[in-house]
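Me: I would like to learn how to read the features of a structure like the one below. Please take them one at a time.

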Amino acid sequence: MNFNVLLAVSPILAVAIGGLLLMLAEAFGKPMAAVTEGGPVTTDAGAGRSDELALGSAVVLFAGALISVALWKVGPDKLDGVTSLAPYLIIDRFTLFFCFLLCLGGGLASLLAGGYLPEHKLDRGEFFPLLVFSTVGAMALAASGDFLSFFVALETMSLGVYCMIGLRRGNVRASEASLKYFLLGSFAAALTLFGGALLYGATGHTDFQGIGEGIATIGKASSTVSAPLVLVALALVLAGLAFKISAVPFHMWTPDAYEGAPTPTTTYMAVAVKSAAFAVLLRVLLIGFGDARLTSWGGTGWPPVLACLAVLSMTVANVIAGRQESVKRMLAYSSIAHAGYALVGVVAAMKSPQGAPSVLFYMLTYTVSTVGAFGALILCGRRGAEAVSYEDLAGLGKRHPAAALAFSFFLLSLAGVPPTAGFFGKLYVFSAAVDSGLNVLLVIGLLNSVIGAYYYLRVMVYMYMKEPEPGAPIATPMRSGFVVAAILLAAVLVLAFGVLPSTSLDIAAAAGLTHG
Amino acid sequence: MNPLAQALFQLAPYVLAFVVGALIPRRQGKPERFAIGIVAALSVLLVKSLWPSSAAVADENAHEWPYLLSVIVFLPILGAIFVLFLPRQSPVILKRVTFLILGLDGLVSLGLLSSPMTRGWHFQQITEWIPMFGIRYHVAVDGVSMWLILLSTLTTPIAAYVAFGSLKTRIKDLCFAFLLLHGAMMGAFVSLDLFLFFVFWELLLIPMIVMIGVWGGVEKVKAAYKFFIYTMVGSMLMLAAILYLVWNFTKLSGYPSFDYLALQHVVLPHTAAWLCFIGFFLAFAIKVPMFPFHTWLPDAHVQAPTGGSIILAAVLLKLGAYGYIRYCMGLLGGVAWAAAATLAGVAIGGGIVYGALVAWKQDDVKRLVAYSSVAHMGFVMLGLLAGTQAAMEGAVLQMLNHGVSTGALFLLVGVIYDRRHTRLVREFGGIAKVMPIYAALFVIVTMSSIGVPGTNGFVGEFMIVMGTFVSQTLGGQAKLQAGLASAGVILAAVYMLSVVQRVFFGPLSNPKNKHLKDINVRETIAVAPLIALVFVIGLFPNLFLSRISDGVSAVLERYTDSRKAYMDSGDAEVATLAPRQGGPLEHGYPEAPGKKTDTPAPAQAQALNGVAQ
């Protein structure tokens with residue numbers, strides 16, 4: 001057994017072991033309080049222990065992030081024997097970047113949960129091990145280079161999320177959200193698996209590299225690969241992944257699931273699940289379907305399809321988001337729109353070497369801004385006075401300036417106003433689009449950010465420029481060190497990536513994949 | 001320096017951060033203080049490690065202190081952040097700190113006058129910011145931008161002074177908005193890197209929206225949205241054009257740069273050049289505003305508090321005209337030249353004449369002044385489009401004039417609004433009997449706005465009309481357009497004098513006006529510098545023109561070169577790079593990154609080539 005192999009997968013292993021320990025601690029720890037949500041008084045394992053468990057899972061996940069950084073500094077190519085896990089787990093700079101990103105997003109989400117769950121009497125311990133295991137799945141998904149490990153990782157990631165959505169057991173909307181996501185998610189996973197099976201039938205390979213080589217032989221006399229089969233498989237894989245990144249028209253579940261889930265789960269879905277899906281999308285498209293005929297514009301290529309998805313996601317989601325009355329639902333639609341912007345980068349990856357790095361950097365900036373925005377939304381409400389609709393937030397800027405300032409800051413970053421991280425993410429994606437000659441996509445994307453800016457501005461208008469109606473319910477901010485810590489960390493990162501993006505840009509550039 | 005002292009010097013920021021972090025918080029135990037101190041020191045480390053290695057360019061103008069512009073820009077921005085940490089409950093402290101910072105900024109900006117503003121860039125400072133994209137922190141001024149900076153550093157304190165007098169709620173937010181707005185405007189005027197310019201251009205949107213939306217009138221939210229959407233659409237199209245230019249430059253020269261000096265050498269094929277011009281022009285035309293993009297302005301002005309209106313009129317609108325000079329004429333001179341005659345027609349028909357006619361029919365005095373802004377900015381744009389030395393100098397001077405006289409008008413309208421809470425002309429009449437000093441000041445400013453000889457307005461408008469008459473850019477229409485523009489001066493007299501007549505003279509019919517108090521000391525202090533400037537510019541314009549002319553001639557030279565390169569490119573399908581000319585105007589040109597050291601840094605090489613799996 002080569003020790004280097006263990007070292008190479010250490011980010012994933014560390015988080016997995018941490019998750020096991022957390023589960024043991026949760027199972028055998030002494031519950032503190034009874035959960036009284038409808039029905040008789042029951043005492044779950046790990047109930048009332050959110051503080052310790054949140055801290056524990058945050059430590060585990062941040063440790064995973066640190067290990068990824070350390071491994072990056074060493075350089076994964078320096079460890080011989082790393083390739084012995086390929087193609088099931090490919091440990092390269094691309095994977096390490098996403099390991100860091102996913103651990104960061106997961107860690108911030110668990111900090112948010114540490115404040116949110118006790119406040120809303122959802123204080124059940126299983127949330128944290130689920131979150132950690134789901135992150136393990138997400139990291140493995142980003143590392144996977146084979147349809148088998150891809151599917152296992154996808155399901156590991158998704159199962160945890162299904163449970164985390166339905167944490168509010170007695171609530172009808174939460175159950176609906178959970179079931180909806182579960183049914184549609186299983187369906188999408190099945191589509192992807194079916195695509196993988198067809199590819200195996202066509203090329204005799206399950207690993208992306210082998211599939212790519214098989215596709216490259218199409219057209220040669222000796223080839224046995226059936227081109228129509230490959231195209232059908234490509235469509236199926238794309239549909240399954242478009243579901244996970246919630247691109248229009250595969251987005252129908254998103255608003256309901258995001259709204260019904262507890263907000264930390266929503267945060268986790270918006271940042272980690274989406275990032276992991278983008279990671280594997282890039283890898284499948286650039287390695288598996290990186291053939292020149294498939295990356296061409298027009299004909300049989302995927303770029304026009306993805307470009308349509310991108311335009312639809314941006315435009316439809318932005319227009320609908322502008323009409324929402326619930327802030328959480330608005331943020332759900334905004335996350336769909338952001339998937340659209342990132343897809344522009346994926347399309348650009350067909351030609352430009354800047355494409356893939358731009359998606360990576362975009363996911364980084366999107367993660368910190370989104371965590372911050374959801375965190376601020378959590379901070380703005382307490383039990384019985386949760387911040388849901390715009391009216392709840394009316395006059396918050398006057399009553400609780402700090403919470404309102406934090407919320408505005410992250411919304412500005414999501415809107416892409418300089419000098420925040422969100423602006424740089426957009427700039428990088430759009431300059432990659434210009435680099436690939438996608439000028440129309442650039443203009444559509446930029447005009448969409450105007451629409452986007454409108455509904456982010458609307459929140460600020462309510463917070464600063466309107467007064468609550470007399471007698472109307474208003475949101476009262478909660479007090480939680482966990483939430484404040486997560487928000488502060490996110491704010492520092494948003495500002496750091498916005499004002500001094502140079503280092504992180506170089507890192508994203510070094511982590512990018514190129515096709516072919 | 002001995003090694004020990006050097007080590008201490010390097011450690012100083014961390015130690016300082018640690019001490020500040022450990023001592024500032026109240027009611028904390030020793031371990032907490034220690035932890036906070038460590039966190040502070042680590043954040044300094046983070047910031048230092050994120051900052052790219054910098055290389056400053058040696059400056060020919062060695063006597064000019066290169067950090068002056070940075071101080072002017074970042075003093076208010078840091079001040080805005082500082083204000084956030086002051087207690088909300090003590091408005092007096094907040095106001096004093098804001099004044100102190102704005103006043104200090106004004107004093108520092110007087111340092112710009114130490115330079116005679118000869119050809120080329122002054123007070124230039126260049127530092128690498130984001131090497132991967134070729135983005136640098138590049139700031140400098142020339143004769144055009146210098147006066148706009150001085151105008152802002154004069155009017156912003158006045159606007160703040162007025163706003164503090166009339167607004168009593170949420171002073172902290174107001175101080176924050178003023179300081180951030182001021183810093184962002186300064187930044188937009190001095191940036192020579194298009195990225196930096198865009199950052200400041202966007203940054204000033206936020207405080208302006210806050211100012212309109214928080215302290216505005218009844219329809220404030222609608223006005224804030226309108227202002228926001230208009231400007232955002234413009235700036236997004238501008239960003240698209242910038243990215244396209246940068247992409248072309250990268251492709252042609254082999255390295256990326258967002259620098260103005262670099263991008264002005266890109267000669268685009270005709271269609272692309274037109275599209276880029278439209279992108280830039282829309283952004284600036286909305287800001288100026290030019291007909292038909294002016295409709296946000298009256299709403300924004302009417303709803304904004306007096307202080308906000310003054311800043312909006314005096315400085316923010318100038319940013320549009322300044323952007324046209326710097327970017328439309330400098331980067332895309334060929335298209336600007338070709339479009340000039342048509343656009344001049346729009347500036348005259350939609351700005352000078354239509355703006356004046358609409359102003360004439362207004363019942364709300366503030367709305368009237370807002371439409372008069374449209375007309376005045378029409379003059380400015382006409383001067384820029386005419387593209388002769390006299391017209392351009394007149395246009396730059398007219399920007400200052402408009403800032404002074406419209407700022408003063410808004411201020412005076414605010415005075416009467418504070419007393420009566422209405423601005424409708426029919427509510428007044430015969431005010432001169434109860435407010436004689438106020439009436440006198442108002443008439444003086446009106447004269448300046450109309451352009452009576454001896455006041456500032458005359459010099460600017462005269463130079464513009466004169467320059468337009470001989471303009472070659474406008475072709476055969478120049479004489480007609482000069483004639484029409486002079487007719488606009490008459491219209492200005494019609495609408496301004498009619499409102500003065502209706503408000504100040506005639507019988508004192510409305511009983512509510514019988515006991516109005518005359519203008520008080522505070523308001524007089526605020527308006528006095530503007531009134532003084534009316535006469536200083538009007539009687540001694542050469543004080544100003546002498547520093548403007550070299551800047552303007554450089555702009556015109558650039559404009560002609562750009563046009564020539566555009567015409568020479570003919571029907572070329574691809575963009576080309578015009579040769580460099582050297583000289584003071586290209587001082588600070590971004591050289592290729594590999595030029596100094598033969599091997600590029602590994603990170604950059606990876607960025608350019610991408611990394612194979």
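Me: Is Tyr456(A) buried or exposed?

Reply: Burial is read from relative accessible area: buried means under 20%, exposed over 50%, and partly exposed in between (1.4 Å probe, protein chains only). Tyr456(A) has 2% relative accessibility and therefore counts as buried. Some conventions before going on: this is a predicted model, in which local features need pLDDT of at least 70 and side-chain atom pairs count only at pLDDT 80 or more, while totals for chains, interfaces and linings use all residues. Residues are numbered from 1 along each chain as its sequence is written, chains are lettered from A and ligands numbered from 1 in the order in which they are written, and side-chain values use heavy atoms, with hydrogens and water left out.

Me: Which residues is Tyr456(A) in contact with, leaving aside its neighbours within four places in sequence?

Reply: Contact means heavy atoms within 4.5 Å. By that rule Tyr456(A) is in contact with Met330(A), Ser334(A), His338(A), Leu411(A), Leu414(A) and Ala415(A), when neighbours within four places in sequence are left aside. Tyr456(A) lies in helix H18 of chain A; helices (H or I, at least four residues) and strands (E, at least two) are DSSP runs, numbered from the N terminus.

Me: With which side chain does the side chain of Tyr456(A) make a polar contact?

Reply: A polar contact is a pair of N or O atoms within 3.5 Å; within protein, one must be able to donate a hydrogen and the other to accept it, and residues adjacent in sequence count only if both atoms are side-chain atoms. For Tyr456(A) the partner is the side chain of His338(A), at 3.1 Å. Another case is Thr95(A), whose side chain reaches the backbone oxygen of Ile90(A) at 2.7 Å. Thr95(A) is found in helix H4 (residues 93–119) of chain A, and is buried at a relative accessible area of 1%. Not counting residues up to four places away in sequence, Thr95(A) touches Ile90(A), Ala142(A), Ala143(A) and Arg283(A).

Me: Where do Lys180(A) and Glu176(A) lie?

Reply: An α-helix has 3.6 residues a turn, so residues three or four places apart point the same way. Both Lys180(A) and Glu176(A) lie in helix H7 (residues 172–203) of chain A, four residues apart, about one turn of the helix. Lys180(A) is partly exposed, with a relative accessible area of 28%, and Glu176(A) is partly exposed at 40%.

Me: Which parts of chain B does the pair Glu557(B) and Arg119(B) tie together?

Reply: Glu557(B) forms a salt bridge with Arg119(B), with the closest N and O atoms 2.6 Å apart. Glu557(B) lies in helix H21 (residues 542–569) of chain B and Arg119(B) in the loop between helix H4 (91–109) and strand S1 (122–130) of chain B, so the pair ties together parts that are 438 residues apart in sequence.

Me: Are Arg326(B) and Asp142(B) buried or exposed?

Reply: Arg326(B) is buried, with a relative accessible area of 2%, and Asp142(B) is buried at 5%. The two form a salt bridge, the closest N and O atoms being 3.0 Å apart.

Me: What is the area buried between chain A and chain B?

Reply: Buried area is the accessible area (1.4 Å probe) that two parts lose on being put together, summed over both. Here the area is about 4300 Å², of which carbon and sulfur atoms give 76%. The contact takes 52 residues from chain A and 49 residues from chain B. Across this interface the rule finds zero salt bridges and three residue pairs in polar contact (both at pLDDT 80 or more).

Me: Which helix gives the largest share of the side of chain A that touches chain B?

Reply: H18(A) gives the largest share, 14 residues.

Key
Salt bridge = Lys/Arg side-chain N within 4 Å of Asp/Glu carboxyl O.
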